[in-house]
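User: I am new to this structure. Please take a close look at its aromatic rings and what surrounds them.

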Amino acid sequence: MKEQATAIALVALWVLGWGVGGSLIDAGLIGAGVYDLEGGQVGTLITFVLWSLLWGGVGLKLWRRRGAGGSEDGTA
């Protein structure tokens with residue numbers, strides 16, 4: 001049961017980090033004038049794809065590390 005709660009918490013925090021992180025990066029790039037929303041959504045799309053790949057890799061690494069921490073029968 002503890003392992004399921006840990007897995008749910010990890011996924012929930014990963015989704016939260018992905019959304020907040022991507023939004024902050026996007027807002028920062030728009031604020032810095034790297035791209036604007038008037039010229040279309042290409043800049044936002046590129047930010048979304050790159051951030052999703054990066055954050056997805058982080059999530060996968062954390063998931064594998066979590067899986068390596070316990071034994072086969074689910075005990076620590």
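**The aromatic pairs**

Trp55 has 21% relative accessibility, so Trp55 counts as partly exposed in this predicted model.

The structure holds three aromatic pairs. One of them is Trp14 with Trp18: the ring centres are 6.5 Å apart and the planes meet at 10°, so this pair is stacked. Trp14 and Trp18 are also four residues apart, but in helix 1 (residues 2-31), so about one helical turn lies between them. Trp14 is partly exposed, at 26% relative accessibility. Trp18 is partly exposed too, with a relative accessible area of 28%. The pair of Trp51 and Trp55 is likewise stacked, with 5.2 Å from centre to centre and 20° between the planes.

Val42 sits in helix 2, which covers residues 42-68. Val42 counts as exposed because its relative accessibility is 56%.

Thr47 also lies in helix 2. Its relative accessibility is 10%, so Thr47 counts as buried. Setting aside neighbours within four places in sequence, Thr47 contacts Ile25, Asp26, Leu29 and Tyr35.

Definitions and conventions:
Residues numbered from 1 in each chain as written. Predicted model: local features only at pLDDT ≥ 70, side-chain atom pairs only at ≥ 80, totals over all residues. Heavy atoms only, no water. Helix = DSSP H or I, 4+ residues; strand = E, 2+ residues; numbered from the N terminus. Buried < 20%, exposed > 50% of the residue type's maximum accessible area, 1.4 Å probe, protein only. Contact = heavy atoms within 4.5 Å. Phe/Tyr/Trp six-rings, centres within 6.5 Å; stacked < 30°, edge-to-face > 60°.
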